[in-house]
Amino acid sequence: MSGARPSSVSRAAAALFPVFAAAFLASAAEAAPAADATPGSASTLPATGIPAADASASLPVLPALSAEAAPDRRFRAQASEATATPSAPAASPGPWGVLSGDWQNADLLGDLGGLRPALGKYGISVQLSEEAETFGNLTGGVRQGFEVNGVTTAQVQLDTKPLFGLPGGIVSVSGFHIWGGALSPSNLMNLQTVSGLEAFASIRLWELWWQQNFGPRFDVKVGEQSLDNEFMMSQNAGYFLNSVMGWPMLPSANLTGGGPAYPLAGLGVRARGRPTDAVTIMAGVFNGSPIPLNSPNTPLSNPNGVSFPLNTGVLAIAELQYTVPAADSSGKTPADGPLPGTYKIGAWWDSEDFNSQQSDNMGVPLADPASDGVPAKKQGNYSIYAAADQMIWRAGDPNRSVSAFLRAEMTTLQDRNPIGFAINGGLTLHDPLPGRDNDVFGLGFGVARVSAGASNYDRQMQVFQPTVYTPVRGAETFLEATYQAQILPAWQVQPDVQYIVNPGAGLANPDAPNQTIKNELVIGLRTTITF
């Protein structure tokens, strides 16, 4: 088994650094007490960046599909915006949570011995979490085996009103310690990687932004942002572990460095408005690539998340959301009304240069041995996408429901993109077993089809280099079954099974060069603890 876990000392140090930073901020702010703060409490930071006093203006969230319920790390920063109320003593009778014998804290360590309420007086909230998982393929792939990996996430958020007297503002900084191996590149060589946590081992900054609310229906976010927290999201897809259930397949494969999404983020500005109770509009402009110009197309080109490139073109994205039925003033839909749903349509455009899939700078096919092997540059790239989340059944018990989701992306620029079309979808059952109100069972799928340019390259290889076995790539499909079990308020355990058909869309097996990679059966287990 490769990818051994780093020492507990180094991981603990990385996770606790934001706590000490937050304590320093609180100490420095002693001379500026909050006018509206109450000892032992903290202001709520809802999804729109509106302080608790204005919570009625928050954007609508489906009752059974709230950000708080979404388990995947890719949504954790967004969830913290919606629910980032640090544990107050009244809600956390054990000052050290489980260490004091109290197992019902939302955070395993409760109020951290009084640190959380002390910081809360100044509008500062601290969140720490650890996600660890093991995945292994029992059949198929280039080899069989298991990998262990995980992510330690730390986030500090600051409500600007208590310290600076600026209502409606949030400052947020978050970072990761990514550790362990990665099954997909080592064993599977699949397109739609089995886990959204898989990334190069590193300690890195993730996001660093300021969000400001202007009235009850409009807010702006400026700084280093990860688009997979807000754009192209499906709340139901977030219960699954395959990576494309978070940040979709098409931007992951086609944008430089995978785009500004985990484990990278990008500098930019995002605006969000809610002209009616049912309609939300988001748009943003970001740097065209999260990795420096002329660097290898990999997150390792920005190893610690602090490169902040400014000369990589422009990535523009816009999304229209429609929620039915419209949310009430509290941002929730009525429990006894029509079944809720959210529908989204959007597009992104990137001004960067992208590599041709078929020819070099002289117009020679890349498959031709006479080619210099340097792909021609194609300026600009785009994609359109649509997503739907719809509750399709609800029992008399308001916790029990079945929801469906479907999300698709496509581009007509087949000459410069490895992926031309992708779609995923599935069903989620909330409260699947008696007495398991907070558990979720899900069945999902994903399909990724390579572009015509990529397929034509394979055909050219068959012509120019007939002695090299080169199958023409088509589509890769995966099926996933998952069960998220809420063991304690601060602890989730999630077994997962995936079956991958035609891995790599029909990629030749490097260890058996006369055949494609065989279908793969993958099992896994993830555990998530919030401290």
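How many salt bridges does the count come to? The answer is 16, where a salt bridge is a side-chain nitrogen of Lys or Arg within 4 Å of a carboxyl oxygen of Asp or Glu. You're looking at a predicted model, so local features need pLDDT of at least 70 and side-chain atom pairs count only at pLDDT 80 or more, while totals for chains, interfaces and linings use all residues. Residues are numbered from 1 along each chain as its sequence is written, and side-chain values use heavy atoms, with hydrogens and water left out.

Start by selecting Asp 511 and Arg 143. Their side chains form a salt bridge at 3.9 Å, N to O. Asp 511 sits in the loop between strands S16 and S17, and Arg 143 in the loop between S1 and S2, so this pair ties together parts 368 residues apart in sequence. (Strands, E, are DSSP runs of at least two residues, numbered from the N terminus.) Asp 511 is exposed at 53% relative accessible area, and Arg 143 is partly exposed at 41%. Here buried means under 20%, exposed over 50%, and partly exposed in between, using a 1.4 Å probe and protein chains only.

Next, pick Arg 217 and Asp 277, which meet at 2.9 Å, N to O. Arg 217 is in the loop between S4 and S5, Asp 277 in the loop between S6 and S7, 60 residues apart.

Now go to Asp 219 and Arg 270, bridged at 2.6 Å, N to O. Asp 219 belongs to strand S5 and Arg 270 to strand S6. Asp 219 is buried at 2%, and Arg 270 is buried at 0%.

Conventions:
Helices (H or I, at least four residues) and strands (E, at least two) are DSSP runs, numbered from the N terminus.
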